[in-house]
Amino acid sequence: MVRGLYAAASGMVAGMLQQDVIAQNLANIDTPGYKRDVALVGSFGREMAVRVERQVAGQLARSVPLGWVGFGSHVRGTGFDKSDGPIVETGAPLDLAIQGDGYFVVERAEGAAYTRSGSFTLNAEGELVTQQGAPVLGESGRIVIPSGANVEVRGDGSVVVDGKMVARLRLVSFDYGFTPEKAGQDVFVAPRGMARSIEAGDGTVVRQGFLEMSNVSAVKELVQMIAGMRAYEACQRVVWFLDQTLDKSINDVGRPA
């Protein structure tokens, strides 16, 4: 019976963590390049319950399987949904979107990082940077664009300033089956050597004046939130029922009428 309490309580804890993940997704529904998080729910080990038949003298006791007994569930981590978000037109010359496979490469103090968020701007030195200030890297390093210049970013990632090509965006991808780790809302990291350079054109196109938005669906998240709340309430009722049963067993069973 107490095992049932633990199982129900673990379900409540897992449900709360799932609600946190959903809330995080909804908070970033308008964040460009954000990939929705997914709670990875697992179960604790389980055991086969058996009933031991009456033992006959001189023979081994016979056991009859009754079924598996679980010990509850837990959230063993979070993953993320790699599917593309919708691409929307903004008209801003420094808003870029990758249509197809690939990531932009940005420079951070810890090393290179990767993002699908193309909401870029210029810093005081005229360098193309993310909204968080991380320089965007081209094939030859940082990209410098003079203030007030006419900027054109072509489909192959070429950056043309006042009619002259000054850089080409560095685009990378990862082998099938490898997933980079999240290092923020819209930034990913991977061990050195895992990212391979790609060229726009082979199914990948850079679009200027567009942004890839979050792949969070408000309707889907709300449906999962309601389902999670109902599961939480069910576990709560199980805990209440077992508590009442324990109370009766301890205080009333065996009491003289």
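## Around Ile145

Skipping its neighbours within four places in sequence, Ile145 is in contact (heavy atoms within 4.5 Å) with Leu94, Leu122, Gly126, Leu128, Val151, Val159 and Val161. Keep in mind that this is a predicted model, where local features need pLDDT of at least 70, side-chain atom pairs count only at pLDDT 80 or more, and totals for chains, interfaces and linings use all residues. Residues are numbered from 1 along each chain as its sequence is written, and side-chain values use heavy atoms, with hydrogens and water left out.

## The nonpolar cores

Ile145 also turns up in the largest nonpolar core, which has 22 residues; Leu128, Ile145, Val159 and Leu169 are those with the most contacts inside it. A core here is a set of buried Ala, Val, Leu, Ile, Met, Phe, Trp, Tyr and Cys residues joined through side-chain atoms within 4.5 Å. Buried means under 20% relative accessible area, exposed over 50%, and partly exposed in between, with a 1.4 Å probe and protein chains only. Two or more residues each come from β6 (96-99), β7 (103-108), β13 (151-153) and β14 (158-161). Strands are DSSP runs of E, at least two residues, and helices are runs of H or I, at least four, numbered from the N terminus.

There's a second, separate core of nine residues, including Tyr103, Leu137, Phe174 and Ala190. In soluble globular proteins, nonpolar side chains tend to be buried together.

## A lining without charge

The largest cavity is lined by Pro93, Leu94, Leu96, Leu128, Ile145, Val151, Val153, Val159 and Leu169. By class, that lining has nine nonpolar, no polar and no charged residues (nonpolar: Ala, Val, Leu, Ile, Met, Phe, Trp, Tyr, Cys and Pro; charged: Asp, Glu, Lys and Arg; polar: the others, Gly among them).

## Two helices

Helix α1 (2-27) is where the buried residues of α2 pack. In α2 (residues 218-251), the buried ones are Glu221, Gly228, Cys235 and Leu242. The 34 residues of α2 should span 50 Å at 1.5 Å a residue, and its end C-alpha atoms are 49 Å apart, which agrees; the expected span is 1.5 Å times one less than the number of residues.

For α1, the buried residues include Ala8, Met12, Val21 and Ile22, and the buried set packs against β1 (37-43), β4 (73-80) and α2.

## Gly111

Gly111 sits in strand β8 (residues 111-115) and counts as partly exposed because its relative accessibility is 28%. Its C-alpha atom is separated by 9.2 Å from that of Arg192, 81 residues apart along the chain.

Note on methods: On a 1 Å grid over the protein atoms alone, a cavity is a set of points where a 1.4 Å probe fits but cannot get out, and a pocket is an open set with protein on both sides within 12 Å along at least five of seven lines; lining residues have an atom within 4 Å of a point.
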